[in-house]
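Here's a quick briefing to read alongside the model. Have the sequence and the 3D view open before you start.

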Amino acid sequence: MKVQKSPSMADPLTKFAYLGLQGGKSLMGLAHKEVSTRLLQWVAPSSAPVTMPVPPEMLKELRVAMERLLEQDWQEAEAGLYPPSLLFDAPWLDWATRYPLVWLDMPLTWNRRARRQVRDLPQDVEPEAFPDYYLQNFHHQTDGYLSDHSASLYDLQVEILFNGAADPMRRRLLNPLVKGLAAFAARPASSLRVLDIAAGTGRTLRQIRGALPQGHLVGLDLSAAYLRQANTWLSQLPGELPQLVQGNAEAMPFAEASMQAATCVFLMHELPAAARANVLLEAFRVLEPGGVFVLADSVQLADSPQYTVAMENFRRVFHEPYYRDYISDDIGARLRQSGFVDITAETHFMSRVWAARKPL
Ligand SMILES: C[S@@+](CC[C@H](N)C(=O)[O-])C[C@H]1O[C@@H](n2cnc3c(N)ncnc32)[C@H](O)[C@@H]1O
């Protein structure tokens, strides 16, 4: 796959603007969390989660890791892996109008956490249409993944959670993805099918579109509401509209060997171990031999023991029923057991990115 070098990227002003923007996002994320935590402690102290004190060394390490992530993000854009405009890609006006809704939603979240209510879902949800583990309020989120309201707030909530680093982390899958697709370089780019498993609101597909403007992109997710939101965002992009399909990643509605690449971002930690194994087997099945699979999720205890407190606090603050099991799971071994070869793994800030290939 050919990577286009963008001449404008040598511009130090653009880099300055990018780092300034990320600095602003980071400050906003930190300020939001600080104010909301204080407010909770003031109005409903019994709902406040008990977290572990954060060691100053860990904060320092996180700051350095964030700087490294942003530098790499810039470098890869400069090298032409994706266009510089992707570094600035965010629906600012839309997020600004939705931000008050995040605050309005917060008391409901606190209330759910205080009452340990984790299956508070919309009345019209048909439970038999979903696996049992899915029918929960992940992150204590109103309606779980099962409403347009939830889908409309998700991107902004993730942006706040990661202090603006969510997309830079998602973009770390682009390099292994494009490298992996080089195995099919003899074919027209438009014939290459790339599947994003658990596509959610389409943020990862948006990044992939930046690196693969001609690829045939497919997104799969269990939530019709999240796919509707993805369709709204993705239909604003030029080029072919990604195909969005509702379905379970444990039994994907795609033929064997029908994809040349597959990606999966922030899904593994929300699945019980057996479902994790099923998804990896399915990813293997739908890939054509020689195809590449890139998986990104939270760091784990084995690769990032210095962030143990951050991982523990994440689990205490948000409803993440499978996170504890995930952070000690051996994903490399699971990929091998599923049949993958050439497995590599890298850590980027709070994310771990695995790349693997289906053997010929
Ligand atoms: C944390 S979100 C990640 C979304 C997206 N990949 C991103 O980067 O923002 C998890 C997503 O996984 C989807 N999901 C969870 N279990 C699933 C399953 N078994 N099959 C398909 N999608 C699933 C949810 O609906 C949700 O959209």
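What covers the buried residues of α6? The cover includes α2 (56–78), α7, β4, β5 (287–298) and β7 (351–357), where contact means C-beta atoms, placed from the backbone, within 7 Å. Keep in mind that this is a predicted model: local features need pLDDT of at least 70, side-chain atom pairs count only at pLDDT 80 or more, and totals for chains, interfaces and linings use all residues. Residues are numbered from 1 along each chain as its sequence is written.

- Helix α6 spans residues 174–181, and seven of its eight residues are buried (buried means 20 or more other C-beta atoms within 10 Å of the residue's own, exposed means 12 or fewer, and partly exposed is in between, with C-beta atoms placed from the backbone).
- Those buried α6 residues are Leu174, Asn175, Pro176, Leu177, Val178, Gly180 and Leu181.
- Helix α7 is mostly covered too, with nine of its nine residues buried; among them are Arg203, Arg206 and Arg209.
- Helices (H or I, at least four residues) and strands (E, at least two) are DSSP runs, numbered from the N terminus.

- All five residues of β1 (residues 193–197) are buried.
- Arg193, Leu195 and Ile197 point one way from β1, while Val194 and Asp196 point the other way.
- Ile197 sits opposite Leu220 in β2 and opposite Cys264 in β4.
- Together, β1, helix α7 (residues 203–211) and β2 make a right-handed β-α-β unit (right-handed means that, with the strands pointing away from the viewer, the path from the first strand over the helix to the second runs clockwise).

**From β2 to β3**
- β2 pairs in the parallel sense with β3 (residues 243–246) over four bridges.
- The chain gets from β2 to β3 through helix α8 (residues 224–234), in a right-handed β-α-β crossover.
- Leu220 has Val245 as its bridge partner in β3.

**The nonpolar core**
- The largest nonpolar core holds 78 residues, and those touching the most other members are Leu177, Val194, Ile197, Ala262, Ala283, Phe293 and Val294 (a core is a set of buried Ala, Val, Leu, Ile, Met, Phe, Trp, Tyr and Cys residues joined through C-beta atoms within 7 Å).
- β5 supplies the largest share of this core, six residues.
- Leaving out residues up to four places away in sequence, Ile197 touches Leu220, Ala249, Ala262, Thr263, Cys264, Leu267, Val279 and Ala283.

**Around the ligand**
- The ligand is surrounded by 20 residues, the closest being Ala198, Gly200, Ser223, Ala249 and Val265 (a residue is near if its C-beta atom, placed from the backbone, lies within 6 Å).
- Ala198 lies in the loop between β1 and α7, and its phi is positive, near 60°, though Ala198 isn't a glycine.
- Ala198 counts as buried because 22 C-beta neighbours lie inside 10 Å.

**Two more residues to look up**
- His139, in the loop between α3 (92–114) and α4 (148–161), also has a positive phi of about 60° without being a glycine.
- Ala274 is in helix α9 (residues 273–286), and it is exposed because 10 other C-beta atoms lie within 10 Å.

Note on methods. Pairing = 2+ DSSP bridges. Contact = placed C-beta atoms within 7 Å.
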